[in-house]
Amino acid sequence: MSAELATADGHLPDAGHDAGHGDHGHVSAENNFLGLPNIKLAMWAFLGSECMFFGSLIGTYFFYHGKSLAGPLPNQVFSIAITSISTFLLLMSSMTMALAVDATRLKRLSSARTYILATAALGATFVGFQVYEFSQFVEEGLKLSTSLFGSTFFVMTGFHGAHVTVGVIWLTMLSIMISNGKLNKERSPITVESAGLYWHFVDIVWIVIFTFVYLLEFIK
Amino acid sequence: MSQAHDATSGVTHSHKKHYLRIGAILTVITAIELALPMLKHYPEIWEPARPLWAPALIIMSVAKFGAVVGEFMHLRGDRRVYQFLFLSPLMLATVVFVLLSLLSVVMFRPFGAGYAVTAEAKALGFVEASTGPAFEQPLDDAKFAAAFDLAKGKEFADGKKVFGEKCAACHGPQGGGMPNLGLNLTDDCYKYGGSFKELYMTIGKGQAGGKMPAWAGQLKGEEIRQVMYYIKSLKGTNVAGGQPCVGDKMP
């Protein structure tokens, strides 16, 4: 974020144009020696580290799966209907995010802002569903300290929910920056695209969690 | 090159249709995923293809994952350095995930296994002492009772030790129970049955949705039997300050 904010006002003429091919070795405040935009390169590296982060959390969940001494157990608390709805909303938010990136590329900033806000709204709804789900689980006696299932489940899905929340705040800030002109047509494609990469990543983490943690529980 | 690799390079045609198509595909896959568990209500379809359901769900998940990463994040056809930065840790994470899942199976004692074969167990004909999950084997009440009678008058020291370590936290040091935790084991009432077999099953498999934990993964069959005898010896001792009677009175 800070990199975008720092350069949002004094944008460079070539920003947003040289992310493609053929200009290796061009070094600027925003593009590195590979000719790639720093923010996008950094985002992919960050998402690589996030793979390890969530891979460990999901792996830990399965390491302890079925080893809980005290209930309730997954098939006693999971509600496939509720989780399906929130899963679908998050999946669709990935599509609106892709459309937002597409719109910035075509310099249609107001339509991009609409897609960004739609994405943020879908994400916020997902978080709302998760808050509801967590409160239901606690009511049914599953807390962080109840069992191995409680600890590993809440830490894993809680970190995912926190990532979605950060994404919602990020997207909301981007839409405000578009509104007040801080994010102009030249600067917006790479900025929105990088936020989009983060958003899609949060979505794919949930694709994995939904199948392995929820759906596989139901077909046993 | 593919149309998906150049989101920031100033190409002026829209990819909207492409993204909408991907969104539609994702919707269809999700619908199939959700319909799948409902097939359970049709056993004639569900049962024959049972081994296929888990792989089918995993394949659909991988397809969705690939569609979002490849198309929405346009990693497909994007610069090699991005692919390397993301895909190499992704592979490493997958290996960690698979190894942890496999280790979990190896490191923990499976439910009901790990029984010590003792001379006593053999003499009593406890088949679970050899192999396989204990609770799929017949448990003989008469044999339990015979062993209990033999041990009567002794202190059930081994069972008492297990009780102190595992049960006393909820059932109280004397077995009188604790409010909202364990039931009183010193009265004549048993909520989940008071026969040897039923006690054995309650200790091993747990009760009350796991409030009473399943100890089979933690205790050997021998230990479960010992603590069961100890608990049986507590019946009717009615320690002072015990919790009120819950369940059926047993003679």
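This is a predicted model: local features need pLDDT of at least 70, side-chain atom pairs count only at pLDDT 80 or more; totals for chains, interfaces and linings use all residues.
Visitor: Where does α7(B) bend?
Guide: Helix α7 of chain B takes in residues 157-171, and a straight helix of 15 residues would span 21 Å at 1.5 Å a residue. The distance between the end C-alpha atoms of α7(B) is only 18 Å. The helix bends by about 50°, and the residue at which this bend lies is G164(B).

Visitor: What is included in the cover over the buried residues of α7(B)?
Guide: A residue counts as buried if 20 or more other C-beta atoms lie within 10 Å of its own. In α7(B) the buried residues are G159(B), K160(B), V162(B), F163(B), C167(B) and H171(B). What covers them includes residues 221-234 of chain B, that is, helix α9.

Visitor: Which residue follows α7(B)?
Guide: The residue that comes after this helix has a positive phi, near 85°, and that residue is G172(B).

Visitor: Which helix supplies the largest share of the side of chain A that touches chain B?
Guide: The contact takes 57 residues from chain A and 54 residues from chain B. On the side of chain A, α2 (38-63), α4 (80-105) and α7 (188-218) each supply at least two residues. The largest share, 15 residues, comes from α2(A).

Definitions and conventions: Residues are numbered from 1 along each chain as its sequence is written. Chains are lettered from A and ligands numbered from 1 in the order in which they are written. Helices (H or I, at least four residues) and strands (E, at least two) are DSSP runs, numbered from the N terminus. The expected span of a helix is 1.5 Å times one less than its number of residues. The bend at a residue is the angle between axes fitted to the seven residues ending there and the seven starting there. A residue is buried if 20 or more other C-beta atoms lie within 10 Å of its own, exposed if 12 or fewer, and partly exposed in between; C-beta atoms are placed from the backbone. Two residues are in contact if their C-beta atoms, placed from the backbone, lie within 7 Å.
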